[in-house]
Amino acid sequence: MQRIPTGILEFLIWTIALVGLYFYGMGDGQHHGLCPLANLGVSWCPGCGLGRSLHYFMHGAFHTSWGWHPLGGFALLVILWRQFELFLLIKKQIKLWQTY
């Protein structure tokens with residue numbers, strides 16, 4: 001019985017999240033956020049707009065991305081770096097299992 005590599009679930013979650021943010025239509029004006037502070041009526045939240053910022057950054061609209069949240073591009077780089085690390089970890093585990 002083959003074991004599931006450590007880190008594959010996290011890798012899949014990040015991949016699905018980024019693909020979802022890329023294809024999710026942000027321009028329709030109908031937006032229901034998941035932010036608990038915004039849903040409680042708090043007008044400022046340090047994370048609000050980060051998802052939309054990532055969406056616009058991935059589409060090349062850097063000025064719009066910056067307007068939604070200044071750290072959107074940085075967050076995307078951090079997520080991509082984490083995915084790269086997980087990919088290398090998974091690849092190493094699969095290679096070790098194939099030698100036995």
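This dialogue walks through how to read some features of a predicted model.

Visitor: What kind of model is this, and how are its residues numbered?
Guide: It is a predicted model, in which local features need pLDDT of at least 70, side-chain atom pairs count only at pLDDT 80 or more, and totals for chains, interfaces and linings use all residues. Residues are numbered from 1 along each chain as its sequence is written, and side-chain values use heavy atoms, with hydrogens and water left out.

Visitor: How many helices and strands are there?
Guide: Helices (H or I, at least four residues) and strands (E, at least two) are DSSP runs, numbered from the N terminus. Here the protein has five helices and zero strands, so the order from the N terminus is α-α-α-α-α.

Visitor: At what angle do the axes of α1 and α3 cross?
Guide: Axes are lines fitted to C-alpha atoms, for helices over the stretch in contact, and angles run from 0 to 180 degrees between N-to-C directions. Angles under 35 degrees count as roughly parallel, over 145 as roughly antiparallel, 65 to 115 as roughly perpendicular and the rest as oblique. The axes of α1 (residues 8-23) and α3 (residues 50-58) cross at roughly 75° and come within 8 Å; the two helices are therefore roughly perpendicular. On the α1 side the contact (heavy atoms within 4.5 Å) is made by L18, L21 and Y22, and on the α3 side by G51, L54, H55 and M58.

Visitor: Is H69 buried or exposed?
Guide: Buried means under 20% relative accessible area, exposed over 50%, and partly exposed in between (1.4 Å probe, protein chains only). H69 is buried, at 11%. H69 lies in the loop between α4 (62-68) and α5. Apart from neighbours within four places in sequence, H69 touches P46, G47, C48, G49, L50 and S53. Across the protein, buried residues make up 23% of the 100 residues.

Visitor: Which residues does T6 contact, leaving aside its neighbours within four places in sequence?
Guide: T6 contacts L89, I90 and Q93. T6 is in the segment before α1 and is partly exposed, with a relative accessible area of 47%. T6 and I90 are 84 residues apart in sequence, yet their C-alpha atoms are 6.7 Å apart in space.

Visitor: What share of contacts join residues at least 24 apart?
Guide: Among contacts between residues at least 6 apart in sequence, the share is 57%.

Visitor: Where is F87, and how accessible is F87?
Guide: F87 is in helix α5 (residues 72-98) and is partly exposed, with a relative accessible area of 44%.
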